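Trainee: I would like to go through this model with you, starting with the rings and ending with a helix.

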Amino acid sequence: MAKKIAFAASDAPTAQTARAALISRYGTTPEEEADVIVALGGDGFMLHTLHRTQGLRAPVYGMNRGTVGFLMNEYSETDLTERLDAAQEEVINPLRMKAQGADGQVHDALAINEVSLLRAGPQAAKLKITIDGNLRLAELVCDGALVATPAGSTAYNYSAHGPILPIGSDVLALTAVAAFRPRRWRGALLPKTAHVRFDVIEPEKRPVMADADSIWVENVLWVEIHSEPSISHRILFDPGHGLEERLLREQFV
């Protein structure tokens, strides 16, 4: 029995053209009734689609019609049904961020890739790091710091010289961005169950912003981060091109 497919596309002309061509060939169905959602765009649009459809039963299969495609499969119009039948599923849990701004408001957001703190002024940030209620670093002087999931470990985390994490590992990466003190400190590997808290030292003098998959909170005083096991994102990949293989291959380039 043929799968009922819903097609979603970014605003990029190449993605919109691809969506029209695929609908002409395979038809379409509402996302709420679909067996699978095909997302056309880059990694940013894939993250947007996963967040937007997290309450639906259908997994998401991405095809690259953007500039970055680590989470995407190669684009092809001719064999989509066969590829969907053969696709392998990866399940990932997002991070939950709670962040208090200088105005006292507490913001809540989810991040599939990472939660990052970044300096928002000319001076380096000063952060205090507490893990599971235990103070681990009294003062980190840096441009920022982040907590990344295995799925997000090849994104900003990797650019900041953080480790690549296998998808199957119950581990999070805590990575510093341009650490000044302690000199060359790059972070730590944490169990997936860890609760991480960053307190901003001298927030008026050294303002910091927090980001969870492009959801920004300015002038934060503290940020708490933990994995959210109650939410599961299902992503489909072509055989031999899943996240596990991609994470492994990325370490040999």
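Trainee: How many aromatic pairs does the count come to?

Mentor: This is a predicted model, where local features need pLDDT of at least 70, side-chain atom pairs count only at pLDDT 80 or more, and totals for chains, interfaces and linings use all residues. Residues are numbered from 1 along each chain as its sequence is written, and side-chain values use heavy atoms, with hydrogens and water left out. Rings of Phe, Tyr and Trp (its six-membered ring) pair if their centres lie within 6.5 Å; planes under 30 degrees apart count as stacked, over 60 as edge-to-face and the rest as tilted. By this rule the number of aromatic pairs is 0.

Trainee: Over the ring of which residue does the charged end of Arg 181 sit?

Mentor: A charge sits over a ring if NZ of Lys or CZ of Arg is within 6 Å of the ring centre and within 35 degrees of the ring normal. For Arg 181 the distance to the centre is 4.5 Å, and the ring is that of Phe 180.

Trainee: Which buried residues does helix 1 have, and where do they lie around the axis?

Mentor: Helices are DSSP runs (H or I, at least four residues), numbered from the N terminus, as are strands (E, at least two). Buried means under 20% relative accessible area, exposed over 50%, partly exposed in between (1.4 Å probe, protein chains only). In helix 1 the buried residues are Ala 15, Ala 18 and Leu 22. They cover an arc of only 60 degrees, taken from the directions from the helix axis to the C-beta atoms, so they lie on the same side of helix 1.

Trainee: Which exposed residues does the face turned away from that buried side carry?

Mentor: Opposite the buried side, helix 1 carries exposed residues on the face turned away. These are Pro 13, Thr 17 and Ser 24.
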